Amino acid sequence: MDVSQLRSFVTVAQTLNFTSAARRNGVPQSTVSRQIDSLEEQLGAQLFYRTRRQVKLTEEGRAFLPYAREILDNAQKGAEAVRHLHEGGEGRLSVAAVSAAGAFLTGCLGEFARRCPNILVDIAPASGGEGLPVANEDPFDFHFLQREMADGQEEYELLPTHAEGLALALPEGHPLTDRPPEPEALQGERFILISEKEDPILYMLAMDLCQSMRFTPHVANCFDGVEPVLLSVAAGLGVSILPVSLLAGVPGVRAVPFDGELWRVNYVAAWKRELLNPAARLFLEVLRGRAEPQENG
């Protein structure tokens with residue numbers, strides 16, 4: 001059975017007249033008769049007594065009527081909810097993001113909040129080493145992560161969002177804060193890094209950067225997260241190599257950027273190809289408008 005059959009049944013039950021029901025629903029009378037016949041056949045019961053002069057509900061028809069009304073009412077409420085959400089009404093959006101995507105994501109969510117103030121946003125931290133989950137087990141609408149960790153995922157759409165330069169993170173007052181980092185000076189420093197397990201791309205870039213400067217870093221400690229790395233640097237326990245945006249405004253930490261396009265981390269937004277959540281479709285409009293233009297080639 002479908003909604004049009006139920007609508008015809010309820011309207012005939014209200015009017016007890018097939019012609020009036022057809023006129024009210026804006027369809028030919030033959031359509032209403034055919035829909036009622038089909039519904040009775042599917043239910044295996046007669047819903048109306050019909051004569052040339054009179055139409056009456058059967059006992060089966062009276063029993064079925066409140067359920068048909070409830071189905072139509074729920075269908076109408078569902079349609080209104082979707083329309084309301086599509087127009088920027090209430091809803092829910094879920095996002096998972098690695099730490100270094102935070103600055104870009106903040107701008108997107110700020111614009112989204114202004115456009116759709118009644119949509120609730122859930123944000124979860126993500127590990128840069130986990131990549132994307134299996135699509136049919138993914139509880140999130142969007143992921144923000146390193147490009148390399150999302151490559152080869154055919155179940156997801158990918159949009160390059162931004163690139164982050166790397167900087168040397170130093171404790172406040174460190175002698176290297178006033179000049180570009182040099183290999184000789186860095187050779188004696190204790191490095192505190194985000195672990196390879198937590199962020200293999202960032203860890204690899206940090207090690208490659210040191211190798212390009214022809215020294216092997218003394219890695220004193222690694223952590224599975226940004227916060228303990230920053231806390232350690234601020235406390236003077238060592239220095240680190242991190243994306244520039246993670247160092248902005250951190251008390252007790254100074255950033256000295258490394259030159260060159262080579263030492264950059266590229267980030268993407270990823271979402272399942274079948275984007276069913278209307279709130280997610282609204283967010284995608286914001287996301288596409290704020291993503292950095294990509295150079296050809």
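This is a predicted model: local features need pLDDT of at least 70, side-chain atom pairs count only at pLDDT 80 or more; totals for chains, interfaces and linings use all residues.
Contact here means heavy atoms within 4.5 Å.

**Glutamine 5 and its neighbours**

Glutamine 5 has its place in helix 1. Leaving aside residues up to four places away in sequence, glutamine 5 touches Gln35, Ser38, Leu39 and Gln42. Is glutamine 5 buried or exposed? Its relative accessible area is 7%, so glutamine 5 is buried.

**How the helices pack**

Two packed helices are described by the angle between their axes and the distance between the axes.

| Helix pair | Axis distance | Angle |
|---|---|---|
| Helix 1 (residues 3-15) and helix 2 (residues 18-25) | within 8 Å | roughly 125° |
| Helix 2 and helix 3 (residues 29-43) | 8 Å | about 105° |
| Helix 5 (residues 102-115) and helix 9 (residues 278-290) | within 10 Å | roughly 125° |

Let's take them one by one. The axes of helix 1 and helix 2 cross at roughly 125°, and the two helices are therefore oblique to each other. The crossing of helix 1 past helix 2 is right-handed. On the helix 1 side, the contact uses Arg7, Ser8, Thr11, Val12, Gln14 and Thr15, while helix 2 brings Phe18, Ser20, Ala21, Arg24 and Asn25. Sorted by class, that contact of helix 1 with helix 2 holds 3 nonpolar, 6 polar and 2 charged residues.

Next comes helix 2 against helix 3. These two pack at an angle of about 105°, with their axes 8 Å apart. Helix 2 is therefore roughly perpendicular to helix 3. From helix 2, the contact draws on Phe18, Thr19, Ala21 and Ala22, and from helix 3 on Gln29, Val32, Ser33 and Ile36.

Helix 5 and helix 9 have axes that come within 10 Å of each other and cross at roughly 125°, which means helix 5 is oblique to helix 9. Helix 5 passes helix 9 in a right-handed crossing. Helix 5 supplies Phe104, Leu105, Gly107, Cys108, Leu109, Glu111, Phe112 and Arg115, and these meet Ala279, Leu282, Phe283, Glu285, Val286, Leu287 and Arg290 in helix 9. By class, the contact of helix 5 with helix 9 has 10 nonpolar, 1 polar and 4 charged residues.

**Cysteines**

A disulfide is a covalent bond between the sulfur atoms of two cysteines. How many disulfides does the model have? The count comes to 0. Cysteine 116, for instance, is in no disulfide, and the nearest cysteine sulfur, that of cysteine 108, is 13 Å away. With a relative accessibility of 5%, cysteine 116 counts as buried.

**Loops with something to look at**

Most residues other than glycine have a negative phi. Leucine 16, which is not a glycine, has a positive phi, near 50°. You'll find leucine 16 in the loop between helix 1 and helix 2. At 39% relative accessibility, leucine 16 counts as partly exposed.

Arginine 214 isn't a glycine either, and its phi is positive at about 65°. Where does arginine 214 lie? Look in the loop between helix 7 (200-212) and strand 8 (218-223). Arginine 214 is exposed, with a relative accessible area of 76%.

One more loop residue is leucine 275, placed between strand 11 (264-272) and helix 9. Its relative accessibility is 16%, so leucine 275 counts as buried, the cut-off being under 20%. Not counting residues up to four places away in sequence, leucine 275 touches Asp141, Phe142, Ala280, Arg281 and Leu284. Leucine 275 and glutamate 157 are 118 residues apart in sequence, yet their C-alpha atoms are 9.7 Å apart in space.

Key:
Residues are numbered from 1 along each chain as its sequence is written. Side-chain values use heavy atoms; hydrogens and water are left out. Axes are lines fitted to C-alpha atoms, for helices over the stretch in contact, and angles run from 0 to 180 degrees between N-to-C directions. Helices (H or I, at least four residues) and strands (E, at least two) are DSSP runs, numbered from the N terminus. Angles under 35 degrees count as roughly parallel, over 145 as roughly antiparallel, 65 to 115 as roughly perpendicular and the rest as oblique. A crossing is left-handed if the near helix is turned anticlockwise from the far one by less than a right angle, and right-handed if clockwise. Ala, Val, Leu, Ile, Met, Phe, Trp, Tyr, Cys and Pro count as nonpolar, Asp, Glu, Lys and Arg as charged, and the others, Gly among them, as polar. A disulfide is a pair of cysteine sulfur atoms within 2.5 Å. Buried means under 20% relative accessible area, exposed over 50%, partly exposed in between (1.4 Å probe, protein chains only).
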